[in-house]
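Q: I have a model open here and would like to talk it through. Can we go from the overall fold down to the rings?
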Amino acid sequence: MSRQLSFALALLACGATISATEVFAGHSGLTQLAQAQADPSQPAAPATAAPDPATPDATAPTADAQAPEEPIGNVATVTGRASVIRNDKTTPLKVKDDIYLNDVVQTAANSALGITFIDATTFNLKASTKITIDSYVYEEGGKNNAAIFDVARGTAAFVAASVAKSGDMKITTPTATLGIRGTTGLVEVPEGAAASNPNNVAVKLYPDADGRVGRIEVNDRAGARLGFLTQGASGFTIRPGSGGA
């Protein structure tokens with residue numbers, strides 16, 4: 001002990017700066033004394049756990065988070081009962097309800113439904129009609145506008161607007177695909193329509209409100225041309241084994 005004190009005094013005499021802790025750090029007796037001098041009444045500071053990098057922050061957005069879909073149209077009129085099948089759930093429709101991509105809309109017997117899409121295209125579904133919005137892309141002034149409406153059964157009257165005039169609008173049926181070139185028309189799909197069934201799909205073309213007449217191209221489901229309509233108040237019926245009107 002005397003040798004360590006002499007060493008400390010010698011360092012101080014030389015002007016060196018050193019703490020008593022550093023001088024006596026290796027002496028077990030003084031280490032125990034320093035521990036005893038700690039205030040036992042003061043609780044030890046709790047240890048702060050480091051954040052686990054594997055645990056995601058609950059407030060941070062997840063990679064799977066997606067912006068909600070934007071509606072592509074809404075219900076303009078309802079007579080009787082109409083509904084939409086969306087995410088495997090059937091919901092009654094009322095005026096001003098939104099319509100979304102992939103919606104399946106249908107009417108009951110003695111009912112009707114009017115839908116207006118954001119490009120101003122309108123569909124009017126008569127009784128017992130079912131259609132699906134398979135595709136719909138519209139941007140004002142855009143060059144990639146397109147839409148596909150599938151009429152599974154029933155009668156649907158339509159007035160095509162910006163999508164048909166600036167892009168590619170199609171109406172599909174069980175036996176035919178219709179290319180709609182900016183016009184007004186009507187599609188009738190009887191129950192059980194099939195290529196071999198004489199009771200088949202019928203298409204009608206009408207003049208637009210301004211008197212102009214557009215064009216409806218009629219193809220089979222494989223894409224082969226069956227015919228086309230270019231005159232107002234004309235019609236086309238799919239015949240078994242031929243494209244006769």
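Q: How many helices and strands does the protein chain have?
A: This is a predicted model, and in it the protein chain has four helices and 16 strands.

Q: What share of the residues counts as buried?
A: Of the 245 residues in the protein chain, 33% count as buried.

Q: Switching to contacts, how many join residues at least 24 apart?
A: Taking the contacts between residues at least 6 apart in sequence, 45% join residues that are at least 24 apart.

Q: Now the rings: how many aromatic pairs are there?
A: The structure holds six aromatic pairs. In one of them, the ring centres of Phe123 and Phe149 are 4.6 Å apart and the planes lie at 45°, so this pair is tilted.

Q: Where in the chain do Phe123 and Phe149 sit?
A: Phe123 belongs to strand 7 (residues 122-125) and Phe149 to strand 9 (residues 146-159), so the pair links distant parts of the chain, 26 residues apart.

Q: Are those two buried or exposed, and why?
A: Phe123 counts as buried because its relative accessibility is 0%, and Phe149 counts as buried because its relative accessibility is 1%, the cut-off being under 20%.

Q: Which residues do ring pairs link into a cluster?
A: The cluster is made up of Phe117, Phe123, Tyr136, Phe149 and Phe158, which are linked by ring pairs.

Q: What lies over the face of Phe228?
A: That is Arg215, which lies at 4.5 Å from the ring centre of Phe228.

How values were computed: Residues numbered from 1 in each chain as written. Predicted model: local features only at pLDDT ≥ 70, side-chain atom pairs only at ≥ 80, totals over all residues. Heavy atoms only, no water. Helix = DSSP H or I, 4+ residues; strand = E, 2+ residues; numbered from the N terminus. Buried < 20%, exposed > 50% of the residue type's maximum accessible area, 1.4 Å probe, protein only. Contact = heavy atoms within 4.5 Å. Phe/Tyr/Trp six-rings, centres within 6.5 Å; stacked < 30°, edge-to-face > 60°. Lys NZ or Arg CZ within 6 Å of the ring centre and 35° of its normal.
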